[in-house]
Amino acid sequence: GKKCTVCGEITLPQYVIPAGSGAVSFAYEKHSDGRTCSIAALDHGTTGNITVPGTFAGYTVTGIGHGAFADCTGITGITLPASVTSIGDRAFYGCTNLTKIVFEGTSAQWNAIPRGADWDRSTGTYIVTFTK
C-alpha cells in the first residue's frame, strides 16, 4: 500500500477500469475533506491510452499525486478529467512514450493547474488537447 500524505490512510489499488491492452489498476489517496482524492499510482505494466476517471470510489478526483505515473513507459496517452486541480512533483516523470494529454476541460482551466517540480521531465514529446 501507499500512505496518504494528506490523511495518513493506507490505500491499495482498488479500482480497475478497462483501457489500452487490458484492465488498468490505480491506487488513490482520499483527502481529509471526505469528498475528493488524488491518483497515487498506476500499475507499471499499463500500456496504451489510459483515462483517469472523474470519480473514484465515490470521491471526486482533484489531483494527480507525486510520482503517480512516474516511469510508466508503456503509456502513450492519458485523458485527465476537468476536476483535476493539481499535478504533483514528478507525476509523469519518465513517461518516455507519452505523446498526448487530453484534458476534459478548457485551456484556461489547464493553464491554472499548479504543477510540481519535474512533473513532465523525461517524457516523450506530447501535445495537450482540450475537450471544451
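**Aromatic residues and their surroundings**

Guide: One aromatic cluster is formed by Phe26, Tyr28, Phe56, Tyr59, Phe69, Phe92, Phe103, Trp110, Trp119 and Tyr126. The model is a predicted one, and the count of aromatic pairs comes to nine.

Visitor: Why is the pair of Trp119 and Tyr126 called edge-to-face?

Guide: The ring centres of Trp119 and Tyr126 are 6.3 Å apart, and the planes stand at 65 degrees. Centres within 6.5 Å make a pair, and planes over 60 degrees apart count as edge-to-face. The pair of Trp119 and Tyr126 is therefore edge-to-face.

Visitor: Why does Trp119 count as buried, and why does Tyr126 count as partly exposed?

Guide: Buried means under 20% relative accessible area, and partly exposed lies between that value and 50%. Trp119, at 11%, therefore counts as buried. Tyr126, at 21%, therefore counts as partly exposed.

Visitor: What makes the charged end of Arg90 one that sits over the ring of Tyr93?

Guide: The charged end of Arg90 is 3.8 Å from the centre of the Tyr93 ring, and the distance criterion is within 6 Å. The charged end of Arg115 likewise sits over a ring, that of Trp110, at 4.3 Å from its centre.

**The nonpolar core**

Visitor: Which residues have the most contacts inside the largest nonpolar core?

Guide: They are Ile64, Phe69 and Phe92, in a core of 29 residues. The elements that give two or more residues to this core are β4 (22-30), β5 (36-42), β8 (59-64), β9 (75-81) and β11 (100-104). In soluble globular proteins, nonpolar side chains tend to be buried together.

Visitor: With which residues is Ile64 in contact, leaving aside its neighbours within four places in sequence?

Guide: Ile64 is in contact with Ile39, Val52, Phe69, Leu80, Val84, Ser86, Ile87, Gly88, Ala91 and Phe92.

Visitor: How do you know that Ala91 counts as buried?

Guide: The relative accessibility of Ala91 is 0%, and the cut-off for buried is under 20%; Ala91 therefore counts as buried. Ala91 lies in the loop between β10 and β11. Not counting residues up to four places away in sequence, Ala91 touches Ile64, Gly65, Gly67, Ala68, Phe69, Ala70 and Trp119. From Ala91 to Asp118 the separation is 27 residues in sequence, and the C-alpha atoms are 7.9 Å apart in space.

**Strands and their pairing**

Visitor: Why is β5 described as largely enclosed by the rest of the structure?

Guide: Six of the seven residues of β5 are buried, so β5 is largely enclosed. β8 is mostly covered, with five of its six residues buried.

Visitor: What makes β5 and β8 partners, and in which sense do they run?

Guide: Two strands pair if there are at least two bridges between them. Four bridges join β5 to β8, and these strands run parallel; Thr36 has Thr60 as its bridge partner in β8.

Visitor: How many bridges join β8 to β7, and how many join β8 to β10?

Guide: Two bridges join β7 (residues 55-56) to β8, in the antiparallel sense, and Thr55 stands opposite Thr60. The hairpin of β7 and β8 has two residues between the strands, and Ala57 takes a positive phi near 50 degrees there. Two bridges also join β8 to β10 (residues 86-87), in the parallel sense, and the bridge partner of Gly63 in β10 is Ser86.

Visitor: Why are β6 and β12 said to stand at the edges of their sheet?

Guide: The sheet is open, has four strands in the order β6-β9-β11-β12, and shows parallel pairing. β6 (48-51) and β12 (127-130) each have a single partner strand, so one side of each is left without a neighbour in the sheet. From one strand to the next the twist averages 15 degrees. Four bridges pair β6 with β9 in the parallel sense, and Thr51 stands opposite Thr79 in β9.

**The chain as a whole**

Visitor: How many helices and strands does the chain have?

Guide: The chain has one helix and 12 strands, and from the N terminus the order is β-β-β-β-β-β-β-β-β-β-β-α-β. Of its 132 residues, 44% count as buried. Among contacts with a separation of 6 or more, 54% are between residues 24 or more positions apart.

Methods. Residues numbered from 1 in each chain as written. Predicted model: local features only at pLDDT ≥ 70, side-chain atom pairs only at ≥ 80, totals over all residues. Heavy atoms only, no water. Core = buried A, V, L, I, M, F, W, Y, C linked by side-chain atoms within 4.5 Å. Buried < 20%, exposed > 50% of the residue type's maximum accessible area, 1.4 Å probe, protein only. Contact = heavy atoms within 4.5 Å. Axes fitted to C-alpha atoms, helices over the stretch in contact; angles between N-to-C directions. Phe/Tyr/Trp six-rings, centres within 6.5 Å; stacked < 30°, edge-to-face > 60°. Lys NZ or Arg CZ within 6 Å of the ring centre and 35° of its normal.
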